[in-house]
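Have the 3D view ready to turn as you read.

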Amino acid sequence: MEIKKLKSDAKNALSTASSDPQRLMLTYIGAVALLTLLLSVVDLLLQQKIDNTIGLGGIGTRSMLSTIVAMLRLLPSILLPFWNMGYLHASLCLSRGECAEPGDLFSGFRCLGPVVRLHLLQGLVYLILILIVSYLFTAFLMFTGIGLSLMQQLQSIGTDLDPEQLASILYGSGPVLTLGLLGFFLLIFLPVAYHLRLSAYFLMDAPEKGAIYALISSFQSMRGNCLSMVRLDLSFLWFYVLEVLIGLLCYGDAIAQALHIPLPLSPDEAYLLFLGAYLLCQFGLYMWQKNYVSVTYACAYRTLAEQPEEP
């Protein structure tokens with residue numbers, strides 16, 4: 001993949017699109033921001049209602065409200081994956097010069113079954129990888145003597161577990177454990193994750209072929225191209241850094257409290273203020289560059305999916 005060519009193709013596709021990419025992005029991020037704000041306000045109001053419901057007579061009410069709060073907090077995790085898949089499909093349409101209307105954002109919901117199966121299969125693959133990495137890392141610790149030394153130190157504590165002694169032992173072994181886990185992550189988990197990188201594109205490009213086809217096709221297309229995808233990711237590092245920094249705004253009240261910075265606002269007001277700042281900054285970033293980034297990745301998918309097979 002030639003990164004400069006991919007970015008040039010993405011810019012040309014956006015500038016010559018038959019539909020308005022900004023209108024598409026406005027619908028996409030506007031719906032996400034509205035859902036987040038609405039659920040946050042309802043969550044806050046319900047929490048206040050729970051706190052104000054006291055006494056034995058309010059046990060049933062508190063239980064019902066707590067259940068509603070838990071369900072509302074799960075709602076974004078249920079809806080947004082399908083919404084994001086719809087935006088991915090729209091990005092593919094834009095990369096091909098096809099019309100991408102806001103209605104295309106619902107294509108993830110229209111492919112409900114394949115999208116669910118793909119996420120389940122990906123989760124299963126990652127779960128198996130975690131088990132394999134845990135087993136290999138444990139074997140590595142035992143064969144190198146690091147794990148045996150750690151076990152002996154823990155056994156020396158006995159049944160009277162002293163938190164300070166345990167923290168001291170873990171702190172002393174922390175660098176070795178961290179480097180070991182990082183090494184196994186880079187050697188096993190990351191390569192598999194990159195080989196699965198295009199599975200969502202294959203699924204939304206041909207949902208009738210199913211999730212297994214998408215996973216297999218992604219593995220085949222990414223074979224020998226993982227480093228190229230890493231370079232493409234690094235070329236957009238500025239975008240991901242901005243996303244992380246903006247994401248921290250959502251927890252500004254908690255960060256200020258942890259740093260003992262007094263805020264001239266009540267806890268609820270500070271929460272809503274930082275939430276609003278987060279949503280506003282995310283809206284601005286996505287309206288500015290999200291289409292460009294997403295269509296570039298869609299062009300990369302097309303380049304890799306259409307490459308000739310090796311004899």
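One term before we start: a residue counts as buried when its relative accessible area is under 20%, as exposed when that area is over 50%, and as partly exposed in between. Also keep in mind that this is a predicted model.

With a relative accessible area of 13%, Asp43 is buried. What does this residue pair with? Its side chain meets that of Arg73 in a salt bridge, at 2.7 Å from N to O. Asp43 belongs to helix α2 (residues 21-52) and Arg73 to helix α3 (residues 59-95), so this pair ties together parts that lie 30 residues apart in sequence. As a general rule, side chains of opposite charge can pair when their charged atoms come close.

How many salt bridges turn up in the whole structure? The search finds 5. Another of them joins Arg96 and Asp205, again with 2.7 Å from N to O. Here distant parts of the chain are linked: Arg96 sits in the loop between α3 and α4 (107-110), Asp205 sits in helix α8 (residues 199-205), and 109 residues separate the two. Arg96 is partly exposed at 31%, and Asp205 is partly exposed at 31% too.

Now for a pair within one helix. Asp9 forms a salt bridge with Lys5, and their closest N and O atoms are 3.0 Å apart. Both are in helix α1 (residues 3-15), and because they are 4 residues apart, about one helical turn separates them. Asp9 is partly exposed, with a relative accessible area of 28%, and Lys5 is partly exposed as well, at 47%.

Time to head inside. In soluble globular proteins, nonpolar side chains tend to be buried together. In this model, the largest nonpolar core has 61 residues, and those with the most contacts inside it are Tyr28, Leu118, Leu198, Tyr201 and Met229. Helix α13 (residues 267-305) gives the largest share of this core, 15 residues. Take a look around Tyr28: leaving out residues up to four places away in sequence, it touches Trp83, Asn84, Tyr87, Leu105 and Tyr286.

Met229 leads us to our last stop, helix α10 (residues 226-235), where Cys226, Ser228, Met229, Leu232 and Asp233 are buried. Viewed down the axis of α10, these buried residues fall within an arc of 160 degrees, so they line one face of the helix. And the face turned away from that buried side? What you find there are the exposed residues Leu227 and Leu234.

How values were computed
Residues numbered from 1 in each chain as written. Predicted model: local features only at pLDDT ≥ 70, side-chain atom pairs only at ≥ 80, totals over all residues. Heavy atoms only, no water. Buried < 20%, exposed > 50% of the residue type's maximum accessible area, 1.4 Å probe, protein only. Arc of directions from axis to C-beta. Core = buried A, V, L, I, M, F, W, Y, C linked by side-chain atoms within 4.5 Å. Contact = heavy atoms within 4.5 Å. Salt bridge = Lys/Arg side-chain N within 4 Å of Asp/Glu carboxyl O.
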